[in-house]
Amino acid sequence: MRREIIALGVSHHSAPIEIREQLAILPAALDVSLRELVALPHIDEGVILSTCNRVEVTAASANGDAAVETLVGFLARAEHVDRDEILRHLTVFRGRDAIRHLFRVAASLDSMVVGEPQILGQMKEFYERAAASGSAGTILHRCFHKSFSVAKRVRTETGVASRAVSISSAAVELTEKIFDSLEDKTAMLIGAGAMSELAARHLLARGVRSLIVTNRTYDRAVDLAREFRGTPVPFAEIERYLPMADIIIGSTAADDYVLTVNMVEQLLQRRKNRSVFLIDMSVPRNFDPRINDLADVYLYDIDDLSGVAESNRDEREREAAKAEQIVVAEVEDFCRWLDGLDVVPTIVALREKAETIRRQEIAKTLASLRNLGEREQRAIEAMSTAIVNKLLHGPITQLKREASRDESLYLAAARGLFEIDGEDGE
Amino acid sequence: MSSLFLTAALALYLLTTITYGAHLISKRAQLRHVGLGLMAGAFAMHAGALAMRAGALGYESLFPFQEGLSLIACIVVGLFLAISVRTDFSVVGALVAPIAFLFSLSAFIFEAGPHGIPPELHSVWLPAHVAPAFVGYAIFTVAFCLSVTYLVQERQLKQRRKGDLFRRLPSLETLDNLNFRFVTWGFALFTIGLITGSLLAKETWGALWSWEPVQVWSLITWLLYAALVQARSVGWRGRRAALLTVFAFALLLLSFLGVNLVFPGKHGGGGS
C-alpha cells in the first residue's frame, strides 16, 4: 500500500483572520487534538501546525481520498465552525504538492513576509509536540526533518531572509548600518504621521533606549509619548533637544523646513560630531536636503527609503526564485525515498541485492577452487542459493504481511538494515 | 623549512584575498568562514616560519627591515583574527589579507642574512625598542584598514546606494569605536618605542636625539597620531578621524619604507 502525504488547512493566502481564528488550535489543546487526529480512520500519522497565519494539518495516509474527507471533518469538528464556510477557504495539497508545500512553509517562502525566520521555529515546536505525542511516524519524521534541512539550505544559499522590504523596516536596517547598538540610542519623533509612528515602533522593538516626541500641538505629542513610553517636549524648544537624538524622524505637515542646514551644523557641534541619522517621512520635505552634504549626517527621505525597500524587494524576488529551485530538487529527493517505501520494490531490491552478493561470492570461491568437478560446483551453488533464500524468507514474509499500520516503519527498517538506499539513506 | 612555511603562508594570504573578494561580490555567506579559516591557517604558517627563523638565528634576525615587515604582517593578521571572533569584519579582511601578502613578500624576496642588525646595536634596549614599535605599527595598520572600511561604508550611506557590499559592512559606529581604541593603543606603544629607541641611541651613539631621518620622521608621525588621539575629544570622529587615520598611516608607511630604503642612516636593519 502506498502512503500519501496530505497537507490541508487554511493560511493567510486563503482565509481571512475570522476563519483562521475559528480553526486555531491552542497549545494547551494540542496534545488532545493530536491524539484525536491519529485515532481517526485512514490517518496513519499527523502533525498539526497552528500559528497566527496558518492552521494546517499534515498527515500520512494509505487512502488519500478518504483521508482528505476525514481531515476536513477534523478541522471543522468544533460546533461553532461553519463547515461550508471552511470548505470555501480550505487549501488541500496532496502527494508531491503537499511535500513541496511543507518545504516552502519551512523555508518561509509561503510566509506573509517572505523570508521571516519565525515560521521555522514554530514548525519545529509543533513537530516536536507531535513527535513527543507519537502522532508523527516514519514518513512525517523524515518529511519534517527534511523540511528543516531545506529551510537551512535556503537560508544559507540564498538571500531570501534578512531583507527589509517595507519603508519603515528599511529605515531600521539603515539605522543598524550606522549605529553599533541601538540600546544606548535616543530617537526623536517630530510630528506624528502614520509612517513615522511605524518607524518609531520598529526602532523601539529593536531596542532603542528612549524616545523624545514633539508636535506642533503639544497634546498630541503627550498622547504619542504615552503610547510609546517616550518623553513629550514642546515644539518651540526643539533645538534644545535635537542634540540628544541619534535618530530624528520628521513627519510634520509643515511647508517649510523644520530642520535647516544651520540647525544641524549646530547640533553636530554640540554632539561632537557623533553621527546622526535623519529620516524625513513627510512630503513636502521637513529636512533641508542639503543637510546630507554635512559630514557625519545621513539624511534619507521617503523616496530614498522606498528605493532601498524596492531594491530589497527585487533582490528578494530573485533570491526566492533560487529558493524555489532548491525546494523542487529536495522534493524530488524526498519522493525518491518515499516511493522506495513500497513493499514490491523493496522486496525486489532486497532479492536483487542478495543475488548479486551471492553471485560475486560464488565466482570468487569457484575461481580459487579450479579442480572441483561439475557436481561439486553445482552443490556449492545450490547451497548458496538455499542460504540466501532461507535468510530472506523471514524478512520478506514479514514485509508482505505488514500491510497494516506500521508498514512504512518495517520498510524503512528493512531498507536501512540491508542498505538498499545506499549510504545516504539517513 | 622556515621558508617552506613562509611560502605556504604567502599562498594562503593570496587565497584568503581571493576568497574575501569573492565573498564581497557574491551572496554566499559561508565564504566568510572559509576566508577566516584560510586567514587563521596562513597566520599559523607565518608564525611558524617566524618562530623557526628566530629559533635558528636568534630573535634579532626578525628585526631587519624586510623581516620586520613580515613580522608586522603576522601581528596584523593576529589582531584581525582577534577582532573577527565576534563581529563580521570580512571587508576589513579583504584589506588585511593583501597587505599581509605584500608585507610578507618582502621577507620572501629579500631575505636578510643573520647579520642584518649591526652588532653595536645589540643591547637590552633593542627588543625593548623594536617590540613595542612593531606591535604599534601593526595596530596602526589594522586601524588603517578599519578606517578605509569606514570611508567605504560612509560613502555608501551618503550615496544611498545599497549593494551587497553594503550588507557586508559593519556599522559606522562599530568601526569608529574600534578604530579609536586601536589608534590609542598603537599610539601608546609607538610612544614607548620612541622612548626606548632614544635610550638605545644614547647607549650606542651617545646621544638621545641626533636628528637622524628616522627620528625626525618618527616624531612627525608621532605628532600626527597624538593629534588623532586628542582629536576625538574635540569632536574629530567619524569621517574626519578615518581620513586622518588613513593619512597618518600613509605617513607612517612612507617614513618606515623611506627611512629604511632611501636614507638608511645609522638606523639598524637598512636595506642590505
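Where is Asp296(A) found in chain A? I looked there first, keeping in mind that this is a predicted model. Asp296(A) is in the loop that runs between strand S9 (276-280) and strand S10 (297-301) of chain A.

I then checked the backbone. Asp296(A) isn't a glycine, yet its phi is positive, near 65°. Next I asked myself: is Asp296(A) buried or exposed? I found 21 C-beta neighbours inside 10 Å, so Asp296(A) counts as buried, the cut-off being 20 or more.

Second stop, still chain A: Ser108(A). I located Ser108(A) in the loop between helix H5 (96-106) and helix H6 (118-133). Ser108(A) has a positive phi too, about 65°, although it is not a glycine.

Over to chain B for a helix pair. How do H4(B) and H5(B) lie to each other? I took helix H4 (residues 90-109) and helix H5 (residues 125-158) of chain B and looked at their axes, which come within 9 Å and cross at roughly 135°. That makes H4(B) and H5(B) oblique to each other, because angles over 145 would be needed for roughly antiparallel. I also noted that their crossing is right-handed.

Which residues make the contact? From H4(B) I listed Val91(B), Val92(B), Leu95(B), Val96(B) and Ile99(B). From H5(B) I listed Thr141(B), Cys145(B), Leu146(B), Val148(B) and Thr149(B). Sorting the contact of H4(B) with H5(B) by class, I got eight nonpolar residues, two polar ones and no charged ones.

Definitions and conventions. Residues are numbered from 1 along each chain as its sequence is written. Chains are lettered from A and ligands numbered from 1 in the order in which they are written. This is a predicted model: local features need pLDDT of at least 70, side-chain atom pairs count only at pLDDT 80 or more; totals for chains, interfaces and linings use all residues. Helices (H or I, at least four residues) and strands (E, at least two) are DSSP runs, numbered from the N terminus. A residue is buried if 20 or more other C-beta atoms lie within 10 Å of its own, exposed if 12 or fewer, and partly exposed in between; C-beta atoms are placed from the backbone. Axes are lines fitted to C-alpha atoms, for helices over the stretch in contact, and angles run from 0 to 180 degrees between N-to-C directions. Angles under 35 degrees count as roughly parallel, over 145 as roughly antiparallel, 65 to 115 as roughly perpendicular and the rest as oblique. A crossing is left-handed if the near helix is turned anticlockwise from the far one by less than a right angle, and right-handed if clockwise. Two residues are in contact if their C-beta atoms, placed from the backbone, lie within 7 Å. Ala, Val, Leu, Ile, Met, Phe, Trp, Tyr, Cys and Pro count as nonpolar, Asp, Glu, Lys and Arg as charged, and the others, Gly among them, as polar.
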